Structures are given as structure tokens and as C-alpha cells.
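User: I am new to this structure. Please show it, and then I will ask about its parts one at a time.

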Amino acid sequence: MAKLEQLELDARRAQLVSDVKALVDKYRAIFGWDVPDIDDGCADTLILAAIRQALNRIEQAQADAAPR
């Protein structure tokens, strides 16, 4: 049987995807303020890579802080 945490995440997975898409849109818009002729595909790739790096850092910090 799935854990309660997994069930809760499954119920909100679509919202999580929507929120990440909104985050990419937000940062693409910020880039657009500085560079009017920006390549949206390139910007999205860079933004997603930065989000992955941030998630990795957060995950590592949690692992480092976990009791052993």
C-alpha cells in the first residue's frame, strides 16, 4: 500500500507541474525585460537547468541535515 505522503503527492502532481511551468514563464519574462529578442526555447532550457540545479542543492542540503 502506498504511503500517505505518496497519495498526497499523486493528488497534487498536476498542480506541481503547472506551478513549475509558471515559474519558467516568470523567469523567461524577467529575461525578456533585459533582452527583447530572446530565444524562448534557449531561455526555457537555461531556466529548467537552473531549476534542476536548485533542486539538487536543496536535496543535498536535506540529505546533509538528515539524522544519521
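**Pocket, helices and salt bridges**

Analyst: The largest pocket holds about 210 Å³ of space. A pocket is an open set of points on a 1 Å grid over the protein atoms alone, where a 1.4 Å probe fits, with protein on both sides within 12 Å along at least five of seven lines; lining residues have an atom within 4 Å of a point. The volume is the space filled by probe spheres set on the points, which are joined across faces, edges and corners. This is a predicted model, in which local features need pLDDT of at least 70 and side-chain atom pairs count only at pLDDT 80 or more, while totals for chains, interfaces and linings use all residues. Residues are numbered from 1 along each chain as its sequence is written, and side-chain values use heavy atoms, with hydrogens and water left out.

User: Which element gives the most residues to the lining of the largest pocket?

Analyst: The lining includes Val20, Leu23, Tyr27, Ile47, Leu48 and Ile58. Two elements give two or more residues each, helix H1 (4–34) and helix H2 (40–65); helices are DSSP runs of H or I, at least four residues, numbered from the N terminus. With 8 residues, the one that gives the most is H2.

User: How many residues of that lining are nonpolar, polar and charged?

Analyst: Ala, Val, Leu, Ile, Met, Phe, Trp, Tyr, Cys and Pro count as nonpolar, Asp, Glu, Lys and Arg as charged, and the others, Gly among them, as polar. Arg52 is one of the lining residues. The lining divides into 10 nonpolar, no polar and 1 charged.

User: Where does H1 bend?

Analyst: H1 has 31 residues and reaches 44 Å from its first C-alpha to its last, close to the 45 Å expected at 1.5 Å a residue. That expected span is 1.5 Å times one less than the number of residues. A bend is the angle between axes fitted to the seven residues ending at a residue and the seven starting there. In H1 it is about 55 degrees, at Arg12.

User: Which residue meets Arg12 in a salt bridge?

Analyst: A salt bridge is a side-chain nitrogen of Lys or Arg within 4 Å of a carboxyl oxygen of Asp or Glu. Arg12 is partly exposed at 48% relative accessibility, where buried means under 20%, exposed over 50% and partly exposed in between, using a 1.4 Å probe and protein chains only. The N to O distance is 2.6 Å, and the partner is Glu8.

User: What is the N to O distance between Arg13 and Asp10?

Analyst: Both residues lie in helix H1, 3 residues apart, about one turn of the helix. Arg13 is partly exposed at 38%, and Asp10 is partly exposed at 40%. Their side chains meet in a salt bridge at 2.7 Å.

User: Which residues are linked with Arg28 in a network of salt bridges?

Analyst: Arg28 forms a salt bridge with Asp25, the closest N and O atoms being 3.0 Å apart. Arg28 is partly exposed at 21%, as is Asp25 at 41%. The residues linked with Arg28 in the network are Asp25 and Asp44.

User: Is Ala43 buried or exposed?

Analyst: Ala43 is found in helix H2. Its C-alpha atom is separated by 8.8 Å from that of Val24, 19 residues apart along the chain. The relative accessible area of Ala43 is 3%, so the residue counts as buried.
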